[in-house]
Structures are given as C-alpha cells and as structure tokens.
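Here's a quick tour of one model, going from its charge pairs to its core and then out to its surface. Have the structure open while you read.

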Amino acid sequence: MLQTNIKTICKYHEKRIIFAYLIDPTMSIPKFPHLLFIFFVISLFYSPSVAEIRSSEVRSDDRPIIPFDEFGFTHRGRLELNVSKISLGVPSNPSSLDLSKVGFFLCTRDTWMHVLEQIEDAEITCAIQSDIVKLVYTFDKLHDNSSFDTLFVETDSDQYSLVFANCCPQLKVTMTVRSAMYNLDAKSGNRDYLSTGKAILPRIYFAFSLVYFCLCIFWIFLLFKKRLTIHAIHFFMLAVIILKALNLLCEAEDKSYIKRTGSAHGWDVLFYIFSFLKGIMLFTLIVLIGTGWSFLKPYLQDKEKKVLMIVIPLQVIANIAQVVIDEDGPYGDEWVTWKQVFLLVDVICCCAVLFPIVWSIKNLREAAKSDGKAAVNLMKLTLFRQYYVVVICYIYFTRVVVYALETITSYRYLWTSVVAGEVATLAFYLFTGFKFRPEVHNPYFMIDDEEEEAASEALKFGDEFEL
C-alpha cells in the first residue's frame with residue numbers, strides 16, 4: 001500500500017524521474033534528492049496521530065532528512081523547539097562544512113514536492129535553502145553553544161511537518177530534541193496540543209465509550225434473562241465489550257490530557273494495556289465463533305487450536321509494534337520497520353481468523369448430506385456465510401477504507417476517519433451480538449415438514465453455497 005501511495009503521488013506531481021528510480025534503483029539519478037524523497041514521503045504516510053510534547057534522542061545520525069512530528073496549525077499556531085546536548089561529528093574535510101545547510105524547518109506535503117522540483121532543476125542544493133519552506137533554526141547560529149531555544153509563530157493554517165535537514169555529507173549529529181506544537185484558543189488563549197481536525201477526539205472517544213458501557217449493561221441484562229440458554233461464548237462476548245469500553249474511555253482521557261497539557265499523564269499506559277487485551281480477545285472471539293465453539297460443539301479441533309496459537313502471539317507482536325510506533329516517532333531509525341511489521345502482522349491475523357469460518361461452512365455442508373437435518377443445517381450454513389461476509393467487510397473497511405479516508409481527507413476533518421472506524425466496529429459488534437444472542441432456538445428454530453423438504457431441495461444445489 002505504501003508503494004502504491006508513493007507511485008500515485010509521483011504521478012500526480014509529474015515526478016517521473018524519481019518515480020522511475022523507485023522502480024529501477026540502477027537508474028542514474030542524483031542520490032541526494034532521492035534520499036530526501038524517500039525519507040520524507042515515508043514520514044508523511046506514516047505520521048503519528050497526535051503531536052504532543054515530545055522528547056527525541058538523535059545519536060550520531062547522518063541521515064539527510066529526519067522527520068519529527070506532523071501537526072495541523074490554525075492561524076494561531078506555535079512551535080516551541082528546545083535542542084540540547086548538540087554534538088557534531090566533523091567530517092574528514094572540515095573546510096567544506098556549511099552549518100547553514102543544517103537545521104530545522106516546517107513544510108507541508110505540497111511544499112515538499114515543489115522543493116524536490118527545485119533540487120532537480122539545480123535551483124538549490126539543500127531543502128533548507130528553499131524559499132518556500134518555513135525556516136525554524138539553522139546551526140550556523142549556534143556559534144560555540146551546544147543548545148538553543150526558539151519559538152516559531154505560525155500564522156498560516158495548514159498541516160506542517162517538523163523536519164531536520166543535514167545537507168553536509170558525512171556529518172553525524174547527536175542531539176536531544178524537545179518539541180511542542182500547539183494552537184492558541186482564540187477566546188481563552190489556552191494551548192491546544194491536539195492537531196486541528198483531531199481536537200474533538202476526546203469527546204468522540206468518550207461518547208463511544210458510553211455507548212459500549214450501555215451495551216454492557218444491556219448484554220448483562222440479556223444474559224440474566226436468558227440464563228438457562230446461555231453458553232460460554234456469551235460471557236466471552238461480554239468481556240470483549242467491557243474491554244472495548246474501557247479502551248475507549250482510556251483513549252478519551254489520554255487525548256484529553258494531551259489536548260490540555262501535552263502529556264498523557266499515564267493514561268497512555270492504561271490505553272495500551274486495554275488495547276492489548278481487547279485486540280487479543282476480539283480476534284480470539286472471532287475464531288471461536290467461526291469454529292462454533294460452545295454453541296455448536298464443546299471442543300476445538302487441532303487445526304482450530306493452531307489458528308489460535310498463531311493469532312494470539314501475532315497480536316502480542318502487533319501491540320508491541322503499536323507502542324513503539326506511537327512512542328518512538330518517525331525520527332527513529334527503525335520506526336518505518338516497526339510500522340511495516342505492524343501492518344504485516346495485522347493482515348496475517350485478519351486472514352487467519354477467516355479459516356475457521358470457512359471450515360465450519362464446509363463441515364455444515366457435508367453434515368447436511370448425511371444427518372437428515374437439512375433445514376437446520378441450511379440455517380446454520382446461512383448464518384456462517386453471513387458472518388463470513390460481515391467479517392470480511394469489517395476487516396476491509398477498518399483496514400483499507402478508514403486508511404484511505406484518512407489519506408484523502410483534509411487535515412481539518414481527520415476526526416471523520418476515527419468516527420467511520422468506530423461506527424464500523426460498533427456495527428460489527430451489534431451484528432455479532434444479535435446473530436449469536438442467547439435464545440432457546442436461536443439461530444435454529446422449530447422446523448416443520450414443508451420447511452425441511454424445501455431445505456433439502458435447496459441443499460441439492462451445492463454450487464450456490466460455494467464461497
């Protein structure tokens with residue numbers, strides 16, 4: 001997906017030379033613009049969700065471009081930048097060292113594409129020399145100091161990335177960077193550390209957490225009312241709903257504290273814990289429902305156990321990757337690698353949970369030919385086919401459509417992708433709960449002879465039920 005997005009952007013901006021180089025690395029092209037393009041485009045597609053007060057450690061790094069945070073400013077935006085413990089590994093030829101080509105700047109995605117054009121046309125040799133980027137600080141102002149503080153006032157509302165440029169070959173930079181990007185409220189003057197377009201996320205997450213807490217209460221009431229017909233899977237569903245509600249509540253508090261203070265104050269730890277538990281429980285629930293455990297059969301087959309043994313460790317890896325991605329930031333050397341690990345593991349988990357559903361459908365079709373309960377098996381088959389389709393739609397929407405929506409939506413409305421993802425998740429939970437709710441004859445009610453005969457005829461046309 002990353003490669004596709006890079007190709008699309010290159011084509012859109014007519015960057016044919018760089019695009020060709022991405023396809024064929026042996027092609028002759030100036031190395032420096034290519035490295036700038038790779039580092040920055042990757043950072044733009046893999047940007048953190050919020051820009052809080054962040055401290056970053058850079059150690060002996062000679063990368064030409066180091067992306068830090070991305071933030072949506074209003075016309076009252078501010079960037080506080082504190083850089084300390086600066087140490088420069090001087091190259092073998094110190095006379096060629098030009099520290100005016102080393103420093104921090106702000107730029108938008110569109111601006112960056114124009115900077116690349118300037119470099120290709122030999123108008124400039126370094127991104128920091130461009131007159132269309134917003135220069136924050138260059139290292140030629142350091143003199144003999146090893147630290148500096150600066151306040152940058154941003155009056156043009158847009159989404160900017162804070163970038164460090166090092167256009168001196170072989171110069172290795174060591175520094176501690178503390179950045180704080182925020183907007184000032186027009187009325188109160190208070191700081192808002194959440195990017196424009198995500199400032200209302202605390203209220204959104206809190207509202208959805210209330211919805212899930214209401215679902216918990218309703219599900220508990222339903223389990224008590226239908227206590228003679230409940231199965232173990234229904235308690236598993238309750239646990240998933242509770243964890244989802246707690247996860248959203250912690251995320252609401254996390255974003256609320258970041259919005260007001262720039263720090264999560266420990267709520268991020270609780271968020272990661274409940275996100276970890278919720279992720280494992282949700283994928284396990286999908287696998288168990290797909291196998292028909294507890295309501296169709298009281299055991300798991302060996303191959304179904306193997307799926308769980310694959311999914312659960314992968315979810316552990318995915319959550320570790322998510323923590324590294326959120327806490328490390330794009331400046332880290334291995335940040336992109338962890339992001340790719342997270343995406344790969346998530347895709348594998350999504351594919352793995354489909355296998356038990358397919359196996360159940362196959363078993364039900366075979367059973368329908370031998371046990372003489374055509375109507376019952378037809379309803380079971382229909383139910384599992386519906387669940388198979390819904391799981392695929394849920395995975396596709398939350399992994400592809402939501403990502404695409406976030407990519408194409410204006411930075412002012414990035415909250416819409418969060419709402420879309422949460423609505424899709426809520427719809428999936430409601431469908432699962434409704435279809436597999438505790439009922440005496442759910443989903444297989446009493447069948448008369450005419451329905452049994454009609455079902456037998458329907459099952460004869462096996463091709464109609466192929467996946």
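Lys244 and Glu422 pair up through their side chains in a salt bridge, at 3.3 Å from N to O. Lys244 sits in helix H6 and Glu422 in helix H12, so this pair ties together parts that are 178 residues apart in sequence. A salt bridge here means a side-chain nitrogen of Lys or Arg within 4 Å of a carboxyl oxygen of Asp or Glu, and helices (H or I, at least four residues) and strands (E, at least two) are DSSP runs numbered from the N terminus.

Before going on, a word on what you're looking at: this is a predicted model, where local features need pLDDT of at least 70, side-chain atom pairs count only at pLDDT 80 or more, and totals for chains, interfaces and linings use all residues. Residues are numbered from 1 along each chain as its sequence is written, and side-chain values use heavy atoms, with hydrogens and water left out.

The structure holds 12 salt bridges. Buried means under 20% relative accessible area, exposed means over 50%, and partly exposed is in between (1.4 Å probe, protein chains only).

| Pair | N to O distance | Relative accessible area |
|---|---|---|
| Glu251 and Lys255 | 3.7 Å | Glu251 11%, Lys255 6% |
| Arg59 and Glu57 | 2.5 Å | Arg59 46%, Glu57 41% |

Glu251 and Lys255 both lie in helix H6, four residues apart, or about one turn of the helix. Glu251 is buried, and so is Lys255. There's also a network: salt bridges with shared partners join Lys134, Glu154 and Asp156. Out at Arg59 and Glu57, Arg59 counts as partly exposed, and Glu57 does as well.

## The nonpolar core

Which residues touch the most other members of the largest nonpolar core? They are Tyr212, Tyr387, Val391 and Phe428, in a core of 58 residues. Helices H5 (201-225), H6 (232-261), H7 (267-291), H8 (302-328), H9 (335-352), H10 (354-368), H11 (374-408) and H12 (415-435) each supply at least two of its residues. H5 gives the most, with 10 residues. Such a core is a set of buried Ala, Val, Leu, Ile, Met, Phe, Trp, Tyr and Cys residues joined through side-chain atoms within 4.5 Å.

## Out on the surface

Val269, Leu270, Ile273 and Leu277 make a nonpolar surface patch of about 300 Å². Leu270 lies in helix H7 and is partly exposed, at 34% relative accessibility. Patches are built from residues with over 30% relative accessible area and no salt bridge, joining like charges within 9 Å and nonpolar side chains (Val, Leu, Ile, Met, Phe, Trp, Tyr) within 5 Å. The areas come from the Shrake-Rupley method with a 1.4 Å probe.

Glu117, Asp121, Glu123 and Asp131 form a negative patch. Asp131 sits in the loop between helix H4 (109-120) and strand S5 (134-138), and is exposed at 67%.

Most residues other than glycine have a negative phi. Gln170 has a positive phi of about 70°; this residue is in the loop between strand S7 (158-166) and strand S8 (172-184), and is exposed at 55% relative accessibility. His265 also has a positive phi, near 55°, and lies in the loop between H6 and H7.

Technical notes. Lys, Arg positive; Asp, Glu negative; His and termini not counted. Charge placed at Lys NZ, Arg CZ, Asp CG, Glu CD.
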